[in-house]
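This briefing goes through one protein model by topic. The sequence and structure come first.

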Amino acid sequence: MRLLNWRTATASFAAAVGLAFALGLPALAPSDADAASAAPAPVMAPGAAPVAPASEAAPTHRPLRDNLPPQAPNPQEPLIFGGYLDAPAFSVVPRKPHLGLYPCSQCHKVLPLNKQPRALVAAPHVASLPHGRGRMWCLDCHVAEDRDWLRTLDGRRVDFDQSQLVCGQCHGPRHRDWAFGAHGKRAANWQGERQIYACTHCHDAHDPKIPPREPAPPPPVRAGLERPALTPAHAAQPWQRAASGAR
Ligand code: HEC
Ligand code: HEC
Ligand code: HEC
Ligand code: HEC
């Protein structure tokens, strides 16, 4: 068999595949015209990039998009997240003791499962789901068949005490900031074990916007000191406006 010149034989093919990958489309098969004019293309596994024969010098850079196709996760296995490289070690303040309705199975083991998105009128649950402005439903984050678990979008289980792994799927930069200490709050101790609050300590998972707060008046001035006079531009301070009811 004729030794393939991988580069020329697959140039048009690789261009088409590369474009398809760049656009996020499924890999294109070479058109008939391409196939007729080009030498036989190397055998391709679906989703894999063309591989140069061993006799060829390897390309100088790592080909893009040569990752193995993802394995379907086992839904019974809890998600394990190894953390970020160089992130300081931490543990998360548990949430389960704060959840009045946990364990969920106390009711849900006898309730029929209803996957239909709907207003939950007869439930002790959130009446609406402002989070994501209508793009999410309960069972995107809660395991339908075993309500005592949260879940990732690809179906892996997440413990209620590790709910930041659910949030981190869609709020990746925020989750990374949080792991490094730039977002969120440390529970105690500047020294010793780093224990930090989970996202849901501050954000309601179903309505995560932090509600606005009334600005507080400044602390009293120490005896013997005087507060500097306000310029007209600063005369109506937010806390004065709040106190007078004006906005
Ligand atoms: C006191 C009983 C009770 C507890 C405890 C409870 N639920 Fe429910 N839940 C209900 C009822 C009743 C419904 C059905 C409401 C309806 O159909 O309008 C429901 C419905 C739901 C639904 C909508 C999907 C479905 O299967 O109908 C979700 C999601 C849900 N519950 C999640 C939870 C989670 C998560 C917990 C634990 C953190 C929990 N529930 C604990 C009573 C309960
Ligand atoms: C974005 C993911 C997400 C969605 C969507 C979501 N939840 Fe939750 N839910 C959570 C997380 C995370 C917690 C844990 C909250 C905590 O730690 O305070 C939670 C907690 C709960 C609890 C326990 C609350 C308590 O105080 O005991 C119930 C009940 C519940 N969810 C029901 C629902 C229902 C019903 C829906 C749909 C209307 C829903 N959830 C949609 C993530 C979600
Ligand atoms: C499936 C994706 C997804 C998951 C999981 C998710 N979020 Fe969100 N989140 C969104 C989307 C979408 C928005 C809305 C952005 C917009 O308003 O356009 C949002 C908005 C927010 C906001 C801003 C709210 C506002 O109006 O200012 C906060 C805070 C937030 N999420 C926190 C969380 C927390 C905490 C969790 C974990 C319990 C979480 N998110 C899990 C998708 C997600
Ligand atoms: C100690 C409390 C605290 C913790 C813990 C916390 N946050 Fe926040 N988060 C805040 C505050 C306060 C804001 C600013 C809200 C504002 O500007 O209105 C905020 C803002 C955000 C926003 C942007 C909202 C917007 O309107 O732009 C997102 C998204 C968010 N947080 C996600 C997360 C996620 C994900 C986690 C966990 C990995 C987390 N937060 C942990 C307090 C917290």
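Leaving aside neighbours within four places in sequence, Leu150 is in contact with Cys141, His142, Val158, Phe160, Ser163 and Val166; two residues are in contact if their C-beta atoms, placed from the backbone, lie within 7 Å. This is a predicted model, in which local features need pLDDT of at least 70, side-chain atom pairs count only at pLDDT 80 or more, and totals for chains, interfaces and linings use all residues. Residues are numbered from 1 along each chain as its sequence is written, while chains are lettered from A and ligands numbered from 1 in the order in which they are written.

**Confidence**

- The mean pLDDT of the protein is 75, and 64% of its residues reach 70 or more; pLDDT is the predictor's confidence in each residue, from 0 to 100.
- Over residues 1-55 the pLDDT is below 50, and beyond near neighbours in sequence this stretch has 42 contacts in the model.
- Where pLDDT is low, the predicted coordinates should not be read in detail.
- Among the elements, helix α3 (residues 32-37) has the lowest mean pLDDT, 38, and helix α7 (residues 199-202) has the highest, 97.

**Overall fold**

- The protein has 8 helices and 5 strands; helices (H or I, at least four residues) and strands (E, at least two) are DSSP runs, numbered from the N terminus.
- From the N terminus on, the elements run α-α-α-β-α-β-β-α-α-β-β-α-α.
- Of the contacts with a separation of 6 or more, 56% are between residues 24 or more positions apart.
- Of the 247 residues, 10% count as buried; a residue is buried if 20 or more other C-beta atoms lie within 10 Å of its own, exposed if 12 or fewer, and partly exposed in between, with C-beta atoms placed from the backbone.

**Sheet**

- Three strands form an open sheet in the order β1-β5-β4, with mixed pairing; two strands pair if DSSP finds at least two bridges between them.
- β1 (91-92) and β4 (186-188) stand at the edges with a single partner strand each, so one side of each is left without a neighbour in the sheet.
- β4 and β5 (residues 195-196) pair in the antiparallel sense over 2 bridges, and Ala188 stands opposite Gln195 in β5.

**Nonpolar core**

- The largest nonpolar core has 10 residues: Val92, Leu150, Val158, Phe160, Leu165, Val166, Cys167, Ile196, Ala198 and Cys199.
- A nonpolar core is a set of buried Ala, Val, Leu, Ile, Met, Phe, Trp, Tyr and Cys residues joined through C-beta atoms within 7 Å.
- Helix α5 (residues 164-170) gives the most to this core, with 3 residues.

**Ligand surroundings**

- Ligand 1 has 20 residues around it, and Cys104, Cys107, Asn114, Ala123 and Cys138 come nearest; a residue is near a molecule or strand if its C-beta atom, placed from the backbone, lies within 6 Å of it.
- The shell around ligand 1 has 14 nonpolar, 5 polar and 1 charged residues; Ala, Val, Leu, Ile, Met, Phe, Trp, Tyr, Cys and Pro count as nonpolar, Asp, Glu, Lys and Arg as charged, and the others, Gly among them, as polar.
- Ligand 2 is surrounded by 22 residues, the closest being Leu101, Cys138, Cys141, Thr200 and Ala205; by class the shell has 13 nonpolar, 7 polar and 2 charged residues.
- Around ligand 4 there are 15 residues, of which Trp178, Gly184, Lys185, Cys199 and Cys202 come nearest.
- The shell of ligand 4 divides into 6 nonpolar, 7 polar and 2 charged residues, and α5, α6 (172-180) and α7 each supply at least two of its residues.

**Backbone geometry and loops**

- Most residues other than glycine have a negative phi, and most peptide bonds are trans.
- A cis peptide bond, with omega about 0 degrees, joins Tyr102 and Pro103; Pro103 lies in the loop between β1 and α4 (105-108).
- Asp86, in the loop between α3 and β1, is not a glycine but has a positive phi of about 70 degrees; Asp86 counts as exposed because it has 6 C-beta neighbours inside 10 Å.
- Arg133, in the loop between α4 and β2 (150-151), is not a glycine but has a positive phi of about 50 degrees; Arg133 counts as exposed, with 7 C-beta neighbours inside 10 Å.
- Gln116 is also found in the loop between α4 and β2, and its C-alpha atom is separated by 10.0 Å from that of Cys138, 22 residues apart along the chain.
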